[in-house]
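Here are my notes for your next look at this model.

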Amino acid sequence: MGICQGGLGRKRAVSVDAITRVALTAVASVAVLAIIFIILFIADNGVGALRDVSLWDFITGSTWRPYQDAYGASSLIVGTLLVTAGAVLFAFPVGLGLAVYLAELAPAKVRRFLKPAVELFAGIPSVIYGFLGLVVLVPALAQLFPGQTTTGFCWLAGSLLLGVMALPEIVSVADDALRAVPATYCEASLGLGATKWETIRKVVVPAASSGITAAAILGIGRAVGETMAVMMVTGNTALLPEPLWNVFATVRTLTATIAMELPEAVTGSTAYSALFLLALILMVIILAVNLTARTLVARSAARFTGAEPGRIERRLETLKESCGTVRLQVLSRLLRAALLFALVFFILSLFVGSLAAFAAAVAIILIREACGRAMAQHFGRRRTERAAHVCLAILAALMVGLIVAIIGYVAVRGAPALSWEFLTAYPTNAGKSGGIFPAIVGTLELLVGTAAIAIPIGVLSGAYLAEYTVVRSRGGRLIRDAVDVLNGTPSIVFGLFGLATAVVWLGWGFSLVAGWFTLSLMVLPVIIRTTQEAVRAVPTELREASRALGASQTQTIFRVVLPAALGGIVTGTVLSLGRAAGETAPIMFTAVVVTQSRLADSVFDPVMALPYHLYYLASEGRADPAMMFGTALVLLIIVLGLFGLATAVRYWSERRLR
Amino acid sequence: MIAKNKLIAVIAVLVIVAAGVSVYALNSHNNQNAGEQTTITVNGSTTVNPIMLTVKEKYELKYPSVTIQISATGSGAGAAAAIAGTAEIAMLSRDLSASEQSSGLVPHIIGKDGIAIIVNNSVTVTDLTLEQVAKIYSGEYTNWNQVGGADHAINLIGRESSSGTRGAFEELMTKAYSAFSVSSSMIELSSNNALLTSVETTSYAIGYVSLGIIIEAHSSAVHALKIGGVDATIENTVNGTYTLQRDLLLATKGEATGAALALINWVLSADGQKIVSDQGYIPVSS
Amino acid sequence: MSNNEDSAVLAARDLHLWYGEKEALKGISLDVRPHEIYALIGPSGCGKSTLLRCFDRMNDGISGCRVEGKVTFRGADLYAADVDPNDVRKRIGMIFQRPNPFPMSIRDNIAYGPRIHGVVKEGEIDEIVERTLRQAALWDEVKDRLHRSAISLSGGQQQRLCIARALAVDPEVLLMDEPTSALDPIAMAKIEELACELKHDYTVAIVTHNMQQASRISDRTGFMLMGELVESRDTARVFTKPQKELTERYITGRFG
């Protein structure tokens, strides 16, 4: 009775597929474990502070002087919110305009060159933005507005930098949302005689509104979590600006506080715990932000695929119905007016006093509301369209110009420093002179280890999520949520976690392995997400063909799906490594030292790294500009090299599959 | 298919190259020392930090079996670490307190440093007496016009409680003005450089930093005040006419032994003292 | 227990299939006899593809899919609990509506199946590649470029490659799900010719929405409508003297 009738093969007791599934589930659970551990460790280290101060006082107190036992974080929270608000106020309209241009107006040739340029933008490390902010933006502000700021360190500088840094993310997501709007909507509108610009404004953008809002919110998330750039340009005073809207006041963010005070806090002291508590507050803000973004993206996706709306979406829909369409329209008009008001007010307040700016902003809003339509009609629909097209094209050109300027400036000022000696010698004079050889090697060593750990875990987790969780299982959703949270976690929180876990709890001290531990966790969600997308993009027909030939699911995944998705996987992996190469905050407390006279002997030794070295030179070491720009240039070459490689891989793989 | 293979080959080559560099780096110096690896942990003053960082660079080259780990958390924190045993050598920019001495710390003076009183260039004052400085920091003088400057509130900036510079400064202030007690409106920062940057960026601000650091910084946004008519220079510190000065110490719990002793002796040698003066401080045996 | 059932290669007895609440197949009973071409025709959505996919358990992966009744292959129950579905699919091959070669070389496409099932020697692989490409009438066209990507072939060539790939695992039955609906008439003709050749060595069941194709190449035809098998007889009879009125109306184009 061993073989069935007809000689059909017998199923094995434990099939290979079952084993594979269990194994992949285990690997994918690393993400869940990671986020659980992170929250646990941060909370555990943070509650110590609550012995000395109540949570309410901690959040609402206005004096932050840890050495005087004053732990009131409100000025820090407000500082974070102000800098973020300024950044988004500037980045959202610009980003939306760029996205509209990219998605709807740019000719194909321009788009093919512009889209990678935007992504290149995203690759520039935050420490380089901070550095350029320090040496270019801050003195420029001091010169342009001498009456309002003597030194140029201010909230405005932070917001401008953050805005530019959040721009690529906003543009990418909004671009995707706009392109997802079915062409039939456009065709219907044009068929009724509307101009292209009117179609964009009234049909396409509203249709993509969920995705666009998600873009704004993700930009917010990025801004909230940013550390290095704000730390170097905002002046870092833990005080509330007076008046609150004075963009030239100096502020300090939550992230900067953690980064600045942690090196000096004694492990286990109240000051130390207080910083972990700040990190917890930061996580809560980010979680709220990400949850909102995800709900909106889901709604936007559901609208087009006609998928069953989830609970939250249905509740939002009933809310919408009960509000009534008219009321919603009024609300949205008010919102737009408010945003415009804020923008105009802030821009004008740079040049004239607050009262005058306020009056002017109100006047502009009223004029727009009252006569806007009449003015537009007088101007003519065709001319409006052409004007809009020209303005957006100029905006796009400005952005490209900005990228070129940033990279060019670093290249021009850094190139003279790039001698063979600079690249191969060790630093001297407390790290401020000499060469950066150990920093280059250290960066590469960090990358290699991170890649070795994060790539296997990330690729297998991503494959798991894409292949096995088509059915909406609890476990699959949990893993996906964990990956999302990990993705939004600020890099400084990873740094804190690395410190608390690898350096202190595991006892590895400041070491290469601690750096690997922290950086792999940081890049894991990126690799998982890009692998997931790459695997999902593999057409189902290929899977069916494989199964139809008698291949098991395991064989199908490893022999057909993953090889077919290889292009996307490699792209995502290289991109994440590019990010890891440029990050400072995760390695600041875990792996790096300021100067070394010989390379690390073992993985338990600390290393030097380019991003941290640049930060140190710019803020603590007061080094020779040539050294700083030289370091920045080498870092930029490595990071942009990796990004360029990723783009090239993606281009090749797309061509192959076509 | 062939394009894909080429791509994989390119990436593989890059990975191998990167890995090779790292492996080479990790191994290359290992072979040099037959003996054991010693680590010396040093912790403390941000004033002494630049000296010890440069010492580390030269010392580790000379003695490849030694690794020096330095962190700058402030004189007080450094002393506490040495007492607790988590650091072998503490760096201090002030004298040991009575309790630190009774806990067993032994000082080794490795140099001297002046304390410069710096003001933002928006302040027109160039010369103050020690007593005037003490009264400013007590909060008795709150406006620059009380000491001969423009009519503007004084922005008071100082160091955190662990700072040796602060400790030394306040001791000197108490000697100059017996009723000295630090004003609560003083903004506290946790390193020499942070304080310097803050005075540079805050108009009408006053602060105090290590003389060595202000000399090295060549800052164009602040100037150091004359104290009682005497310029804040190394020469004046050496000859004693500039009275705001303190000793720089390396302290160990109990008498220094072994690797720590060797290091301290080296800092006191001609090579080490040259580093002290290069960094802008005053060597011991000048 | 009729004669037919014993000699049938594939048989369904009172087959019901549900996608969740919706019943897609309602009590289907039919035979596919050895070395014949059996065609399934009917309007869109009648369940022909679903039925075809029951024969190689390709519906297994679809969530909410439930099968009742009996489906047998040479008398053995395909849905018995201890049957290995991968082995079923090795012995019953499938060609899909849109050609779906892997993004690999032509040779690797064909080698995929044998390699999965344990063939490692390159010499054996070469043999299989040549044999199946000849069977699929593709050898002469591609013998010089076996290492080129399969994607570079034309639609018709890709479909023939898919047939060769399916033949490489040595099946006994070939299920073809509208294999020519994505191809031009010339390519279609070549596939039809191929199917007629293949039936000498294999048994073929083909789903098609093209009645002329069914009448051209099949020996027996089944007409399906809304999940039910209306009529299943010799092709000639079905097209000239259909038993049921529904069949006649479909054939004469009055609906579907």
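1. **Ground rules.** This is a predicted model, in which local features need pLDDT of at least 70, side-chain atom pairs count only at pLDDT 80 or more, and totals for chains, interfaces and linings use all residues. Residues are numbered from 1 along each chain as its sequence is written, while chains are lettered from A and ligands numbered from 1 in the order in which they are written.

2. **α3 against α9 in chain A.** Helix α3 (residues 74-105) and helix α9 (residues 209-224) of chain A have axes that come within 9 Å and cross at roughly 140 degrees. Helices here are DSSP runs of H or I with at least four residues, strands are E runs of at least two, and both are numbered from the N terminus. Axes are lines fitted to C-alpha atoms, for helices over the stretch in contact, with angles from 0 to 180 degrees between N-to-C directions. α3(A) and α9(A) are therefore oblique to each other; under 35 degrees counts as roughly parallel, over 145 as roughly antiparallel, 65 to 115 as roughly perpendicular, and the rest as oblique. The crossing of α3(A) and α9(A) is right-handed, the term for a near helix turned clockwise from the far one by less than a right angle, with anticlockwise being left-handed. Among the residues making this contact are A:Ala87, A:Ala91 and A:Gly95 of α3(A) and A:Ala215, A:Gly219 and A:Ala223 of α9(A). Contact requires C-beta atoms, placed from the backbone, to lie within 7 Å. By class, the α3(A)–α9(A) contact has 11 nonpolar, four polar and no charged residues. The nonpolar class is Ala, Val, Leu, Ile, Met, Phe, Trp, Tyr, Cys and Pro, the charged class is Asp, Glu, Lys and Arg, and the others, Gly among them, are polar.

3. **α6 against α9 in chain A.** The axes of α6(A) and α9(A) come within 8 Å and cross at roughly 160 degrees. That makes α6(A) roughly antiparallel to α9(A), and their crossing is right-handed. Contributors to the contact include A:Glu169, A:Asp176 and A:Ala177 of α6(A) and A:Ala215, A:Gly219 and A:Arg222 of α9(A). The residues of this contact divide into 14 nonpolar, two polar and three charged.

4. **α5 against α6 in chain A.** Helix α5 (residues 126-144) of chain A and α6(A) have axes that come within 10 Å and cross at roughly 140 degrees. That makes α5(A) oblique to α6(A). The crossing of α5(A) and α6(A) is right-handed. A:Tyr129 and A:Leu137 of α5(A) and A:Leu160 and A:Met165 of α6(A) are among the residues in contact.

5. **Nonpolar cores.** Which residues touch the most other members of the largest nonpolar core? They are A:Ala31 and A:Leu496, in a core of 328 residues. A core is a set of buried Ala, Val, Leu, Ile, Met, Phe, Trp, Tyr and Cys residues joined through C-beta atoms within 7 Å. Helix α6 (residues 155-180) of chain A gives this core its largest share, 16 residues. Leaving aside neighbours within four places in sequence, A:Leu496 is in contact with A:Ile42, A:Ile258, A:Phe276, A:Ala279 and A:Phe589. Apart from that core lies another, of 38 residues, including B:Ile115 and B:Val209.

6. **Chain C on chain A.** Here 30 residues of chain C are in contact with 23 residues of chain A. On the chain C side, the elements giving two or more residues are α3 (85-91), β6 (92-95), α4 (106-116) and α7 (155-167). α3(C) gives the most, with five residues. This side divides into 14 nonpolar, seven polar and nine charged residues.

7. **Backbone angles to check in chain C.** Most residues other than glycine have a negative phi. C:Arg74, in the loop between β4 (65-73) and β5 (76-77), has a positive phi of about 50 degrees. C:Arg74 counts as partly exposed, with 18 C-beta neighbours inside 10 Å. Phi of C:Glu178 is near 45 degrees, and this residue sits in the loop between β7 (173-177) and α8 (185-198). C:Glu178 is buried, with 20 other C-beta atoms within 10 Å. The cut-offs are 20 or more for buried, 12 or fewer for exposed and partly exposed in between, counting other C-beta atoms within 10 Å, all placed from the backbone.

Note on methods:
Two residues are in contact if their C-beta atoms, placed from the backbone, lie within 7 Å.
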